[in-house]
Amino acid sequence: MELTLYQIDAFASKPFEGNPAAVCLLERWIPDALLQAIAEENNLSETAFLVPQGKKVHIRWFTPVTEVDLCGHATLASAYVLFKLMGHEKEKIIFESKSGELIVFCESEWLVMDFPSQPPVLCDTPEGMVKAFGRNPLEVLKSEDYLAVFETEEVIRSLEPDYDLLKRLDLRGVIATARGDCVDFVSRFFAPKYGIDEDPVTGSAHCALTPYWANTLNKSKFIAKQVSKRGGELICELKDDRVFISGKAVQYLEGKIIIDI
């Protein structure tokens, strides 16, 4: 069996920035165990698998250890492959996923993802989070992940969490966020339970960050930056119960997976 594989740097304007994702094109679904093995072998935070489905494209995402319900940067990478490398001629791509329909369209150099809003709600600080971060957040909320709000961008950049403690939390991961110095807000994302100690740029986290900061700052459109080592910039806009997340992407490699099964 031969499968075409692309590696794309998402939320990046040049290689070695943003968040790398693998995109694998399939004619039909292969066994889940094989999908997981490929993702583990790729050893990237996400591998996206695509299967044409009429006018839509069925998409699934796998970390090195498990399948997830939603991934922003691998969706952006998948749209880049279809628009820029495979010659998709329609104005938008409709992905069918475990999180419902996800629409991506082009606006000049930007790819814009139409994702569901996931407004976080206030909650008690979970046991172990303060010890994991070495400091108290201003407040903690939860949606798909915990959202820990801190005082400044400097604090976010300086965090050195204990990943073993974060791994014990019950949700997928933890988003740490604060107002930005030169952008509206900054964040970092930690998901050691899913085999990702720190994700470079996390599109899906902005489904919770955008409604939170919309409520906090009383505005609907933001320039955001994920301040990981690689870093990445996003434009986010809240429209009713949807979040529009815009980013750029660049190709890093194209190859073949060769499996004798």
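Colleague: Hi! What should I know before I look?

Modeller: The model is predicted, so local features need pLDDT of at least 70, side-chain atom pairs count only at pLDDT 80 or more, and totals for chains, interfaces and linings use all residues. Residues are numbered from 1 along each chain as its sequence is written, and side-chain values use heavy atoms, leaving out hydrogens and water.

Colleague: Thanks! How many residues does the largest nonpolar core have?

Modeller: It has 52, and Phe11, Trp61, Phe95 and Ile245 have the most contacts inside it. A nonpolar core is a set of buried Ala, Val, Leu, Ile, Met, Phe, Trp, Tyr and Cys residues joined through side-chain atoms within 4.5 Å; buried means under 20% relative accessible area with a 1.4 Å probe, protein chains only.

Colleague: And which helix gives the largest share of this core?

Modeller: Helix H2 (residues 72-85), with eight residues; a helix here is a DSSP run of H or I, at least four residues, numbered from the N terminus.

Colleague: What lies apart from that core?

Modeller: Another core, of 21 residues, including Phe150 and Val183.

Colleague: What is the volume of the largest cavity?

Modeller: About 90 Å³, where volume is the space filled by probe spheres set on the points. Among the 15 lining residues, Glu46, Arg172, Phe189, Ile196 and Asp199 are the closest to its centre.

Methods
Buried < 20%, exposed > 50% of the residue type's maximum accessible area, 1.4 Å probe, protein only. Helix = DSSP H or I, 4+ residues; strand = E, 2+ residues; numbered from the N terminus. 1 Å grid on protein atoms, 1.4 Å probe; cavity = no way out; pocket = protein on both sides within 12 Å on 5 of 7 lines; lining within 4 Å.
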